[in-house]
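Biologist: Please take a close look at the loops and the salt bridges of this structure, and describe their surroundings in one connected account.

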Amino acid sequence: MNHSKLFKTFKNQSYLQSSVTLLLFFASWGIWWSFFQLWLTSTKNGLGLSGSAVGTIYSANSLVTLILMFVYGTLQDKLVIKRYLLYFCATISALIGPFFVWIYEPLLKNNFTVGIIVGSIVLSAGFLSASGIYEAVAERFSRLFDFEYGQARAWGSFGYAIVALLAGFLFVINPELNFWGGSIFGIILLLNLIFWKPKAEQAAVKQLKTNTDSNTSSVPSIHDMLGLLTMPSLWVIIIFIMFSWTFYTVFDQQMFPDFYTKLFTTPELGQHMYGTLNSIQVFFEALMMGIVPIIMKKLGVRNTLLLGITVMFFRIGACGFATNPILVSLIKMLHSLEVPLFMLPMFRYFTLHFNTKLSATLYMIGFQVAAQVGQVLLSTPLGSLRVHIGYSNTFRVIASIILIAGIYAVIALKKDDTDIQGDAFIRG
């Protein structure tokens, strides 16, 4: 990027506001989510739950999340660029500390079933479902207000990286500090959304209201949204995501933290090292969010996505054979390449091959909801499999599933110059 283009980007108030919003949201989420699995399983600093119990919690979270994602995507496509849904999600972020300390933890200890139900609703509404909406809104803003989505999303990863480093130290002292930190970032996020509204966005919202009053054709109808579920091309993506991106949570959140920390001599050292590694990895992920759009212009959307699943296969498969903490740490760093190689071309695939006015619903159903369905189906059985055959063998099973999904993608995914229903993609 040359200096004049860089200067223009940083003068773009919509880019700056979207970047800050993503940074604050992922900071509010990452400061406790990066250690959520350790908090559930740790006997010293957490609840000491079994692998099957943790799998049940993740499955319940995923079940509620997939329902809310469809609702959120539908609502946001009706709202277009209005922020009302984001206000609601940010309010939950602001209250996450009191919820964990005074409600969720006591319920999981004293009434596990009620705790699962209440927790799945709150965590899904404020974070697990909300993440897709923050991303979908930022992507829509990028097309409306002329900035690169990947460069805005990079700030979200940067926010996560900063708090992941902090989270490791806080968790060892007292996990409640992580939850209260989430509330602090959530409050700042809510204030940012309420009070910082760039002029271009205000003008667009006013124009949207005028257009809606005179002509509703620019706003998708419920019939348009439900009609998506009858499209074979969308189901191709759903099947692909269910057996690939699903493992972003099943492997990286449900299994890897406990696997990694047990490679060290003491749990405290493992937790410190995990926090540090997670922070470094996500920091590089933030850098790659800015670089992958350049790669995508060279390789194309489809080829970049295929590269992403190739990296996922090697990363998870290699963890099935490595036992040295240094080697596992190096393998984990591939995560920083895998996430942007998956997310950014997936967004662009939807805006290339589908109607762009339904981009939020498409992203939520085709990407986020599909992954949640996969988690509902696979979290508990893979959790039980891990108990019976161990982490390494389970990782090899997961890598085998991903390999099959990759072969399917080569056959099923559309090429960039085929069936263009949205914005055409031109290689640089």
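Modeller: Helices are DSSP runs of H or I with at least four residues, strands are runs of E with at least two, and both are numbered from the N terminus. This is a predicted model, in which local features need pLDDT of at least 70 and side-chain atom pairs count only at pLDDT 80 or more, while totals for chains, interfaces and linings use all residues. Residues are numbered from 1 along each chain as its sequence is written, and side-chain values use heavy atoms, without hydrogens and water.

Ser34 sits in the loop that joins α2 (13-33) to α3 (36-41). Its relative accessibility of 1% makes Ser34 buried (under 20% relative accessible area; exposed is over 50%, partly exposed in between; 1.4 Å probe, protein chains only). Beyond neighbours within four places in sequence, Ser34 is in contact (heavy atoms within 4.5 Å) with Tyr160, Ala164, Ala167, Tyr274 and Asn278.

Asp252 and Arg315 form a salt bridge at 2.9 Å, N to O (a side-chain nitrogen of Lys or Arg within 4 Å of a carboxyl oxygen of Asp or Glu). Salt bridges link Asp252, Arg315, Lys332 and Glu338 in a network.
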